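Reader: Hi! Please take a close look at one part of the surface for me, and then tell me what lies around it.

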Amino acid sequence: VDLGIGFPRYSYGANLFGIGYYGYAYNSYRTPSFKLSVRYGFNDFISGGLYAGYAHNGWKTTDANGFESNDRSTYIPVGVGASFHVWSFLNKTLDLGLGVEKLDLYVTLMTGAQIKMYSEKRPTYTDAYTRVNPFVGSLVGARYFFINNIGAFAEFGYGMNSYLTGGVTFKF
């Protein structure tokens with residue numbers, strides 16, 4: 001089980017400090033991206049499982065006449081993934097004797113759906129929609145178990161909602 005947090009890939013010109021672009025400075029915001037994945041190890045080299053995530057961003061402003069405008073986007077990815085555990089393969093199959101049994105280096109391919117909920121409000125109109133788009137991504141990751149069943153992980157690549165995610169991992 002992985003619980004992670006990352007730098008969001010989806011944003012409306014906002015950075016981590018809420019300072020934006022496109023004239024919406026200081027009124028834009030975004031949450032970090034959150035990740036939950038559950039994997040099952042089929043053998044020492046292959047695992048697979050389910051994932052879900054969450055990210056949100058938007059901006060809000062009020063014009064000189066007091067009319068409010070805003071945009072809000074929420075992203076919820078769900079899907080399945082399969083991982084190839086490179087470190088186990090190198091250590092066991094090729095008998096390289098690399099050691100560090102608490103380390104897990106892996107490559108993951110994932111597919112699923114990206115649910116996007118969007119709302120827009122202007123002085124003269126409002127709009128809202130929900131779209132479901134297919135998603136395919138890949139990433140490389142590393143886990144290190146500090147104690148037998150608890151460790152930390154970092155992943156880099158075209159993940160669910162971010163390019164870089166880190167967090168805590170549990171092995172049962």
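Author: Happy to! A patch joins residues with over 30% relative accessible area and no salt bridge, nonpolar side chains (Val, Leu, Ile, Met, Phe, Trp, Tyr) being linked within 5 Å and like charges within 9 Å. A salt bridge would be a Lys or Arg side-chain nitrogen within 4 Å of an Asp or Glu carboxyl oxygen. This is a predicted model, where local features need pLDDT of at least 70 and side-chain atom pairs 80 or more, while totals for chains, interfaces and linings use all residues. Residues are numbered from 1 along each chain as its sequence is written, and side-chain values use heavy atoms, without hydrogens or water.

The nonpolar surface patch here consists of Phe-7, Tyr-40, Phe-42, Ile-46, Phe-84, Val-107, Val-140, Phe-156, Tyr-158, Tyr-163 and Leu-164. Together they have about 1100 Å² of accessible area (Shrake-Rupley, 1.4 Å probe, with only the protein chains shown as cover for residues). Leu-164 belongs to strand S9, residues 162–170 (strands are DSSP runs of E, at least two residues; helices are H or I, at least four). Its relative accessibility is 39%, so Leu-164 counts as partly exposed, between buried (under 20%) and exposed (over 50%).

By contrast, Asn-70 in strand S5 (residues 68–85) is buried, at 4% relative accessible area. Leaving aside residues up to four places away in sequence, Asn-70 touches Trp-59, Lys-60, Ser-119, Glu-120, Lys-121 and Arg-122, with contact meaning heavy atoms within 4.5 Å.

Note on methods:
Buried means under 20% relative accessible area, exposed over 50%, partly exposed in between (1.4 Å probe, protein chains only).
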